[in-house]
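I opened a new model today and kept notes as I went. Here is what I looked up.

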Amino acid sequence: GVSEDYSAVSLGLGYKADAWSFNSRIETRLAESEDKWNLLSGAIYEPRPGIGLSTGIQLWKTRSRLNNDSTKGDIRLGMALRPSYLRWTLLDRLEYRFDAVDAQESDTQRLVNNLHLNYKAHAKLQVSLQYGAKYVLDNLNDHTYRGFVDLVGGEMRYDLTPRWDVGLHSNLLHAWRANQFDYSCGVSFGHLVMQNVWVSIGYNLAGFEDKDFSRAAYTAQGPFVRLRIKFDQQTIRDMLK
């Protein structure tokens, strides 16, 4: 691409208390071809141990000299229930996303909810369930398209040793308006590289792609590698060592 001169400014603010924390950042980039403004903000509230609530907003605005302006946004609400005295954990996230491009006279809106439930049957066996649902509204050249899609998925993982495990997983995707079904199923092997760092290698015999439901679990057909890291102060110290 052709390089050009630009000016960029970023301003951030953060605050942390005993039960809640907040952070926000505003960015702007001014250039000859286009101007960009970004807003990223989020907050976390933990009223008691094992319960967490979160909210976040991300906005991107681009103003182009070629009249190709665009606006994107993502508003999120999250909840985590992880009581230490129970064998199950629950994670839920609700998102509203929108994307508008003026030159194409198009805009897309999505309302997506992902619910994850994990149950520890005993010391070596864990069962995970997922239910996702989304409603999509597309406006393109004065035509409106609507659709509802949901996903049901599950995974079982068994610890072969303290550092190795094996898992089986399956997902079913249903587009209600088209009455179309897609599914994904496969197997994976995981290894605990160090405390709070886990790597798995797997293969899906069948699969599909959906960017709203496939972030936490790889659903496309073929081989895959996943890396999971739990970040906290102790994890960073261990990695530096």
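**Entry 1: a loop residue.** I started with D18, which sits in the loop between β1 (6-16) and β2 (20-31). I keep in mind that this is a predicted model. Is D18 buried or exposed? I found a relative accessible area of 83%. Exposed means over 50%, so D18 counts as exposed.

I then checked D18 against Y45. The two are 27 residues apart in sequence. In space, their C-alpha atoms are 9.3 Å apart.

**Entry 2: a nonpolar patch.** I noted a nonpolar patch of about 750 Å². Its residues are L77, L94, L111, Y131, Y135, F148, V152 and W176. Which strands each supply at least two residues of the patch? I wrote down β8 (125-140) and β9 (143-159).

L111 lies in strand β7, residues 106-122. Its relative accessibility is 45%, so L111 counts as partly exposed.

**Entry 3: a pocket.** Last, I looked up the second largest pocket. Its volume is about 270 Å³. How many residues line this pocket? I noted 16, with R97, F98, D99, R110 and K211 nearest the centre.

I also asked where the lining comes from. β5 (70-81), β6 (88-101) and β7 each supply at least two residues. β7 gives the most, with five residues.

Technical notes
Residues numbered from 1 in each chain as written. Predicted model: local features only at pLDDT ≥ 70, side-chain atom pairs only at ≥ 80, totals over all residues. Heavy atoms only, no water. Patch = residues over 30% accessible without salt bridge, like charges linked within 9 Å, V, L, I, M, F, W, Y side chains within 5 Å. Areas by Shrake-Rupley, 256 points an atom, 1.4 Å probe, with all protein chains shown as cover. Salt bridge = Lys/Arg side-chain N within 4 Å of Asp/Glu carboxyl O. Helix = DSSP H or I, 4+ residues; strand = E, 2+ residues; numbered from the N terminus. Buried < 20%, exposed > 50% of the residue type's maximum accessible area, 1.4 Å probe, protein only. 1 Å grid on protein atoms, 1.4 Å probe; cavity = no way out; pocket = protein on both sides within 12 Å on 5 of 7 lines; lining within 4 Å. Points joined across faces, edges and corners; volume = space filled by probe spheres on them.
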